[in-house]
2 protein chains.
Amino acid sequence: MRYTIGIDFGTQSGRALLVEVETGRELASAVYEYANGGIDEVLPQGNIRLGPDWALQDPRDYLEVLKRTVPAVIKEAGVRPADVIGIGIDFTACTILPVDQAGVPLCMKPAYRDNPHAWVKLWKHHAAQGQANRLNQLARDRNEEFLARYGGTVSSEWFFPKVLQIIEEAPEVYEAADRILEAADWIVLQLTGVEARNACTAGYKALWSRQEGYPSREFLAALHPKLENIVQEKMSEDIYPAGSKAGYLTPEWAEPMGLTTNTAVAVGGVDAHVSVPAATVTEPGKMVMVMGTSICHMVLGTEERFIEGMCGVVEDGILPGYFGYELGQAAVGDIFEWFVNNCVPARYEAEAQERGINIHQLLTEKAAELAVGQSGLLALDWWNGNRSILVDADLSGMIIGMTLNTKPEEIYRALIEATAFGTRRIIQACEEAGVAIQELYACGGLPHRNPLLMQIYADVTGRTIKVARTTQAGALGAAMFAAVAAGSEAGGHDDIVEAAKKMAQLKDEVFIPDPKRHRVYTQLYGEYEQLHDYFGRGQNDVMKRLRVLRR
Amino acid sequence: MRYTIGIDFGTQSGRALLVEVETGRELASAVYEYANGGIDEVLPQGNIRLGPDWALQDPRDYLEVLKRTVPAVIKEAGVRPADVIGIGIDFTACTILPVDQAGVPLCMKPAYRDNPHAWVKLWKHHAAQGQANRLNQLARDRNEEFLARYGGTVSSEWFFPKVLQIIEEAPEVYEAADRILEAADWIVLQLTGVEARNACTAGYKALWSRQEGYPSREFLAALHPKLENIVQEKMSEDIYPAGSKAGYLTPEWAEPMGLTTNTAVAVGGVDAHVSVPAATVTEPGKMVMVMGTSICHMVLGTEERFIEGMCGVVEDGILPGYFGYELGQAAVGDIFEWFVNNCVPARYEAEAQERGINIHQLLTEKAAELAVGQSGLLALDWWNGNRSILVDADLSGMIIGMTLNTKPEEIYRALIEATAFGTRRIIQACEEAGVAIQELYACGGLPHRNPLLMQIYADVTGRTIKVARTTQAGALGAAMFAAVAAGSEAGGHDDIVEAAKKMAQLKDEVFIPDPKRHRVYTQLYGEYEQLHDYFGRGQNDVMKRLRVLRR
């Protein structure tokens, strides 16, 4: 038997998952919570305060994940280190850090440790919005073609806005940085000594494309003179698709992790993207929904199409040989969590407690008894803005149809339905752009927890939904790419299609749309669309004016 | 010292209030809860089920109020019966019943007691909507002028739809009825032996006007042949303004109530309408808001104007010599009650309990800390439809602007603000029709309970609000009209203006609009108006379509 280990670096913790290469069986997993967690108020040494919207991390926490979780899973699974043929990494993104020539993060060096810009900027660092705005304006003014690949808007979370903030606010850090790396690539550099940047983060976060490369030197120079040569000076144009082998574990890392230097290391990836084959999907026409606090919608295509409001289209960005499309909804599980924390009366909490179920289960049970349309409610799911289609963080939530008889479970169901309408709107945008979606595949936490929600998504979209068997699609996907990186000669797999056939499974339970419910939902979706356009496309910008008043 | 007693017949109970004629001092009050309450499922004898939307009452409960509460207040106050110079009645309306020639309700006669149509139809009996629709359609087709006096729409709660339902569903009851009376007039008939119908219910509920009388014989015949002679056969054209003396207590009623036959009895009235002088208002330019589960907005005018969506304009309908305007919001306190029953989390209830305050107080305290506009929320206050302006029961509630950080107190405040915007919209309609509103006066339960709400109403409307000192404005108003009915020769008052000067008081606390908050609220009100028209005037009838789907 041969094994690989997938290591999933999340926002709060890192997790290792050890799986059997032949079957995908998950033998062991281990989690390490980052000691310094998300750093958003003050640097760990306690002396430096951060501004609003900052979000940093400590790269030492990532190294601790490697040292603690990998030995733990090997021990728990009871496998021989020599049989672990590969390691794969998936990471949050865009999560970047400046390093010196030896790959040491600047924040680990005494000269820079008190400079917040020397630390890891986490994906949700939102303090570079001004830089993003200027980048977008310049790109529009210059009619830069790359904008179309990102639905017309570059997010403040991405590579260039974050780097521009460093240049402007801490030029000395920028100067001192030999490279600026995605954390996923930095981990691979640590483990192998090789810088092998992955196509996923390069494409979705650093505006790279296989055809066009990065934004032009002229554009970058116009944005800031110091950016003119950033690609040549601090990045790389050697970009590798998922499943590529970066190298093998160095002795320095094989030893503390309890592995051998024969262990192949795959190039890094992003959680949502590596989840696609973990949900068994390796071909076009099948949309993978990574469903948790938010939803990422991932699709493969054989041609480059421009979908309204997509997060991005990247060749080789998900699987080699395909254009990978990413779209998303900024808040899904987060909305239900908001609801139960703020809007559910004590008698419901008491009932749930008495019956020994959680509040989501109770609400779901009551909501399941409602017929489609029975509540008379309709909502827009923009509690955290609209990510795909409208790409507008200033939009907000709306709910309509309340009467004096409206019950909490009716609102709860309306919120679930609103998020399903949001997904249907995304599917519609894909199909309007010529990217067909025949079937839906789901992974992440929500599909395993809430069958009513899944049935509603099937009924709303009119599409069958299959659910990945794993509850750790990110780590499993990373382990699958590790098996590909190791290759069949080492007992792994030749390519990700074979790996998916062997290692990825679906649950038996399939959610099939009910035609009658789908018909009523199509009526409701028509109402959703009309309000979506009314509030989202400038007919009535009340949401934005309310936001301005708030500030 | 001389005294009068006001008796306020509400939806759940009746209340007597004994007051000093010279000062309005409230000496004693007593409440009797109706034994049979609201009858909406099955007749009290248990054998007859009612249809949906039915709401009946038992007239014997009204008589019990007289027999129990009047002796109780006389005893509690310790006054001599001979010093009680008058009794006044206010009642819910339109609340009607069929009676025989002797004034006995048909439901009290064995031959009819099993027929639901023989019982009192309570104001909120909504089963005559079909009849109301046909009446409205016919009136529009015939361009009946009376429609304009009722904002263009006759409610299913009013006299003719309810009577038409009796004719159509129980013709034998209609035939057997010698008269069909408002409950207010029936009580006066019981007490005095005199049928003296009051101008308030005749005007606001039975489409009567001092100039035009009732709807024409031709119109009524076209609506239903049996209605052609209803006015002559089962109603009356002798209509008396508030403060008129119907007569004196008969010996049959003086004895059980513990009073003398020298006690004058005023013609009946309606709670909201008799509250106007109880809030000290006896002249135009001052709007009285009767604030509780809903709000009634009452204004006096010297000319007949047609205000959009008003409930009605009736000459002598509130005070003799004035046109009385009534407008309203269908749900106000009811919305806040809905919110605390359905949308407030356990930790808030626990905090309130711990601090020994009620949940409204806790939410109000937290909401008071928010600046205007800080929540970013805006709501439409149509949880029970829109009564005035749009006159559309099929509209529903809406709230916009939610984020993942939205807190319960922010929603609570947005709901209060929405009802204040609704009142501002009503004031605007009055002024657009030439009915000036300089000052606001409030009575009812809410103004005494929630100063934040009152300040928000002042800030939103930009008008000073004075609050009646009494918490029983209906009963006090009835007692004031009783003093007028008794007249100065008996120790009462010559007219209601004098009665108001002596008997009605305001609280010292006045709510004065803050110009800065008013400016921000005017911005928010602009947003409210735009959404009001978008959802309420046919640009997007989604609320109605959602309601159709619900059924």
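Helix 1 of chain A and helix 5 of chain A are oblique to each other, a class left for angles that are not under 35 degrees (roughly parallel), over 145 (roughly antiparallel) or 65 to 115 (roughly perpendicular). This is a predicted model, in which local features need pLDDT of at least 70, side-chain atom pairs count only at pLDDT 80 or more, and totals for chains, interfaces and linings use all residues. Residues are numbered from 1 along each chain as its sequence is written, chains are lettered from A and ligands numbered from 1 in the order in which they are written, and side-chain values use heavy atoms, with hydrogens and water left out.

**Chain A: helices 1 and 5**
- The axes of helix 1 (residues 59-77) and helix 5 (residues 183-192) of chain A come within 11 Å and cross at roughly 55°.
- On helix 1 of chain A the contact (heavy atoms within 4.5 Å) is made by Pro59(A), Tyr62(A), Leu63(A) and Leu66(A), and on helix 5 of chain A by Ala183(A), Trp186(A), Ile187(A), Gln190(A) and Leu191(A).
- By class, this contact of helix 1 with helix 5 of chain A has eight nonpolar, one polar and no charged residues.

**Chain B: helices 11 and 14**
- Helix 11 (residues 333-342) and helix 14 (residues 408-432) of chain B have axes 10 Å apart and pack at an angle of about 165°, and are therefore roughly antiparallel to each other.
- Helix 11 of chain B contributes Ile335(B), Phe336(B), Phe339(B) and Val340(B) to the contact, while helix 14 of chain B contributes residues including Pro408(B), Tyr412(B) and Thr419(B).

Technical notes: Axes are lines fitted to C-alpha atoms, for helices over the stretch in contact, and angles run from 0 to 180 degrees between N-to-C directions. Helices (H or I, at least four residues) and strands (E, at least two) are DSSP runs, numbered from the N terminus. Ala, Val, Leu, Ile, Met, Phe, Trp, Tyr, Cys and Pro count as nonpolar, Asp, Glu, Lys and Arg as charged, and the others, Gly among them, as polar.
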